[in-house]
Amino acid sequence: MTEYDKARSSEGGSAETDVKTVDLARLVAALGHRSIVLVGIMGCGKSTVGKRLAHRLGLEFIDADTEIERAANMSVAEIFAEHGEPYFRSGEERVIARLLREGPQVLATGGGAFMSEATRSEIAEHGLSIWLKVDFDTVMARVRRRSTRPLLQNPDPEGTMRKLIADREPVYAKAALTVTSRDVPHEAVVDQIIATLAEHLFNREATSAAQTSMS
């Protein structure tokens with residue numbers, strides 16, 4: 001049983017208590033050259049949580065949308081307005097593929113990025129995907145604070161969001177790991193991500209070691 005497993009087995013242990021047992025240097029080493037790739041619907045907290053996660057792990061944080069804007073010298077909203085969504089998605093695929101070869105890092109992707117089969121394949125090969133799952137009410141409360149979401153610039157943003165969630169969640173569920181992005185302090189979500197990563201990576205290390213000893 002790992003130190004992490006022992007912490008999880010204690011009754012009433014909080015995510016904060018569990019995460020204190022995680023060796024962060026070992027966790028980053030277990031990643032190798034892979035990036036931690038955050039996926040999920042707009043407003044789920046990928047950028048906000050991602051920055052804090054990167055800081056905790058001593059990794060660089062990259063926002064894919066920011067990199068796309070830099071490459072195009074236009075905002076995401078301007079790209080959508082002037083060239084349309086298919087043009088944006090094509091550029092998004094290319095930028096994410098390039099970024100994934102620069103790991104390890106924490107990479108926050110746009111809400112529609114993981115819908116691309118090509119991007120999912122690139123992430124599977126060069127990263128470790130984490131779906132930040134969020135409920136409808138929480139995400140709507142968050143996105144209302146920003147008026148720059150191109151897909152919500154219509155008379156029925158709530159209806160649009162419900163359809164986006166219904167269409168995209170089955171694809172987001174293909175991510176390697178899932179963490180619920182609750183309406184709690186961001187550091188609590190970071191704790192949950194680190195604990196989930198540790199369980200996944202350290203268990204895989206243990207399995208690999210056991211298989212090696214048997215061969």
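The model is predicted. The protein chain has 215 residues, and 47% of them count as buried. Its secondary structure comes to eleven helices and five strands. The chain exposes about 11100 Å². Carbon and sulfur atoms supply 50% of that area. Contacts between residues at least 6 apart in sequence were also examined. Of these, 72% join residues at least 24 apart.

The largest nonpolar core has 62 residues. The residues with the most contacts inside this core are L27, I36, I41, I130, M161 and I193. Helix α11, residues 186-214, gives the largest share of the core, with eight residues. Not counting residues up to four places away in sequence, L27 touches V22, L57, I194, L197, A198, L201 and F202.

D23 sits in the loop between α2 (15-19) and α3 (24-31). D23 has a relative accessible area of 39%, so it is partly exposed.

Helix α11 also holds A188. The relative accessibility of A188 is 26%, and this residue therefore counts as partly exposed. A188 and V49 are 139 residues apart along the chain. Their C-alpha atoms are separated by 9.5 Å.

Helix α7 takes part in two helix pairs described here, one with α6 and one with α8. In the pair with α6, helix α6 covers residues 76-83 and helix α7 covers residues 85-100. Their axes come within 7 Å and cross at roughly 130 degrees. On the α6 side, the contact involves V76, I79, F80 and H83. On the α7 side, E85, Y87, F88 and R89 meet them. By class, this contact has five nonpolar, one polar and two charged residues.

The pair of α7 with α8 has another geometry. Helix α8 spans residues 117-126. The axes of α7 and α8 lie 10 Å apart, at an angle of about 5 degrees. Angles under 35 degrees count as roughly parallel. Helices α7 and α8 are therefore roughly parallel to each other. From α7, the contact draws on E93, I96, A97 and L100. From α8, the contributors are A118, T119, E122, I123 and H126. This contact has five nonpolar, two polar and two charged residues.

V76 belongs to helix α6 and is one of the residues that meet α7. With a relative accessible area of 12%, V76 is buried, because the cut-off for that label is under 20%. V76 and T66 are ten residues apart along the chain. The distance between their C-alpha atoms is 8.4 Å.

N73 is found in the loop between α5 (64-72) and α6. N73 is not a glycine, but its phi is positive, at about 55 degrees. The relative accessibility of N73 is 70%, so this residue counts as exposed. The second case is P104, in the loop between α7 and β3 (106-108). A cis peptide bond joins G103 to P104. Its omega is about 5 degrees.

Leaving aside neighbours within four places in sequence, M140 is in contact with P157, E158 and M161. One of these partners, M161, is listed among the residues with the most contacts inside the largest nonpolar core.

Technical notes. Residues numbered from 1 in each chain as written. Predicted model: local features only at pLDDT ≥ 70, side-chain atom pairs only at ≥ 80, totals over all residues. Heavy atoms only, no water. Axes fitted to C-alpha atoms, helices over the stretch in contact; angles between N-to-C directions. Helix = DSSP H or I, 4+ residues; strand = E, 2+ residues; numbered from the N terminus. Contact = heavy atoms within 4.5 Å. Nonpolar A, V, L, I, M, F, W, Y, C, P; charged D, E, K, R; others polar. Core = buried A, V, L, I, M, F, W, Y, C linked by side-chain atoms within 4.5 Å. Buried < 20%, exposed > 50% of the residue type's maximum accessible area, 1.4 Å probe, protein only. Areas by Shrake-Rupley, 256 points an atom, 1.4 Å probe, with all protein chains shown as cover. Parallel < 35°, antiparallel > 145°, perpendicular 65-115°, else oblique.
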